[in-house]
Amino acid sequence: MIRVAAVGDIHMGKDSQGLLRPAFDTLPDCADLLLLAGDLTRHGTPEEARVVAREVSGLPVPVVAVLGNHDHHDERPDEVTAVLREAGVRVLEGQGTVVEVDGARVGVAGTKGFGGGFAGRCGSEFGEPLMKEFIRYTRRCADGLRDGLEDLARQGCEARIALTHFSPVPDTLAGEPLEIYPFLGSYLLAEAIDTAGADLAVHGHAHAGTEHGMTSGGVRVRNVAQPVIRRAFSVYHLHGSEASAAA
Amino acid sequence: MSEYGEAANTEYRVAHLEERLAAEELGELGMRVEVRGTTVSVRGTVPTTQCRDELLHVVRDELAGLTVHTDIVVAETTAPDHPEELA
């Protein structure tokens, strides 16, 4: 069994230091790794990233993260990434990482992802250059996620997890206004997950959404935005790897 | 001002509030701000009590003169008491 702790949208600022650490200190008792599903800061400044870094620094479980849109707001995502990596956080964008859990290899592939909407109600690469780039950017994120998951399969991981900030499915957006769904996720992420195969998909971003969903390929999806799960993190117990085989 | 003008004015003020919440110190995009009859409701979750105080200050300032109902929750930071089994 693999115990996966996950939270997103912790939106830390200078007034946040120490709020989550007491809960994170319980992680060794209940989880084998911690996933951070983006929007770790409010404005994406290195100063806010240092608050996050101190909050997770020295934890005895591996910490794997993707950035969110807030972490890009100050247009210094590379600096935010560097601050987090210096604290030992494995920050993913279009690649994967492997965590050893009692001899088992657990792979996590991650991308921030982006919007565009869901099948039948989505944007397309058409018209103005900005609109085309919007969708192409999402497609590049999804391609990176698929490549990461496939690489983890080649590395023989017993379990694989897709970690994103934006949602791969509309299920976990229930509660959000329908009008903003195209800004909350994209079916391209789900297509990548279903193509490469995964045991679990974890995302954040949708504060008013719901926790549980599933891709059309049957991969379970969990929205771990902190306002949704209403605690410091959720823990999921993964048993077996029935969903790992590529579709 | 016409009745239509009053309604439109409230909608624009709500839009300006949302823009301000995103642009200023809070960087807040997760609030649900809705015009309900003659009132405005503001609902959502913020990371800290300081954020809630700041948000309520901005709401009062931007929607001065309107009846506003707020339901702002501070994110919970306790550890979970049970896992979910994904069998």
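Me: What is the handedness of the crossing of α5(A) and α6(A)?

Reply: In this predicted model, the crossing of α5(A) and α6(A) is right-handed. Helix α5 covers residues 129–154 of chain A and helix α6 covers residues 187–196 of chain A, and their axes come within 8 Å and cross at roughly 20°.

Me: Ok, and why are α5(A) and α6(A) called roughly parallel to each other?

Reply: Their axes cross at roughly 20°, and angles under 35 degrees count as roughly parallel, so α5(A) and α6(A) are described as roughly parallel to each other.

Me: Which residues in α5(A) meet α6(A)?

Reply: Among them, on the α5(A) side, are A:Arg139, A:Ala142, A:Leu145 and A:Leu149, while the residues they meet in α6(A) include A:Leu188, A:Ala192 and A:Ile193.

Me: Switching topic. How many residues of chain A are in contact with chain B?

Reply: There are 31 residues of chain A in contact with 19 residues of chain B. The elements that give two or more residues to the side of chain A that touches chain B are α7 (226–229) and β13 (234–238) of chain A, and β13(A) gives the most, with five residues. That side of chain A divides into 14 nonpolar, eleven polar and six charged residues.

Me: And β13(A), in which sense does it pair with strand β4 of chain B, parallel or antiparallel?

Reply: β13(A) and strand β4 of chain B, which holds residues 84–86, pair in the parallel sense over three bridges. As an example of a bridge partner, A:Leu238 has B:Leu86 in β4(B).

Me: What sheet do those strands belong to?

Reply: They belong to an open sheet of six strands with mixed pairing, and the order is β4(A)-β3(A)-β2(A)-β1(A)-β13(A)-β4(B). The edges are β4 (90–91) of chain A and β4 of chain B, and because each of these has a single partner strand, one side of each is left without a neighbour in the sheet.

Me: How many bridges join β3(A) to β4(A)?

Reply: Two bridges join β3(A) to β4(A), and these strands run parallel. Within this part of the sheet, A:Val64 stands opposite A:Arg90 in β4(A).

Me: New one: is A:Ile161 buried or exposed?

Reply: A:Ile161 is buried, because 30 other C-beta atoms lie within 10 Å, and the cut-off for buried is 20 or more. You will find A:Ile161 in strand β9 (residues 159–164) of chain A. Leaving aside neighbours within four places in sequence, A:Ile161 is in contact with residues including A:Val4, A:Val108 and A:Leu200.

Terms used
Residues numbered from 1 in each chain as written. Chains lettered and ligands numbered in written order. Predicted model: local features only at pLDDT ≥ 70, side-chain atom pairs only at ≥ 80, totals over all residues. Helix = DSSP H or I, 4+ residues; strand = E, 2+ residues; numbered from the N terminus. Buried ≥ 20, exposed ≤ 12 C-beta atoms within 10 Å, placed from the backbone. Contact = placed C-beta atoms within 7 Å. Nonpolar A, V, L, I, M, F, W, Y, C, P; charged D, E, K, R; others polar. Pairing = 2+ DSSP bridges. Axes fitted to C-alpha atoms, helices over the stretch in contact; angles between N-to-C directions. Parallel < 35°, antiparallel > 145°, perpendicular 65-115°, else oblique. Left-handed = near helix turned anticlockwise from the far one by under 90°.
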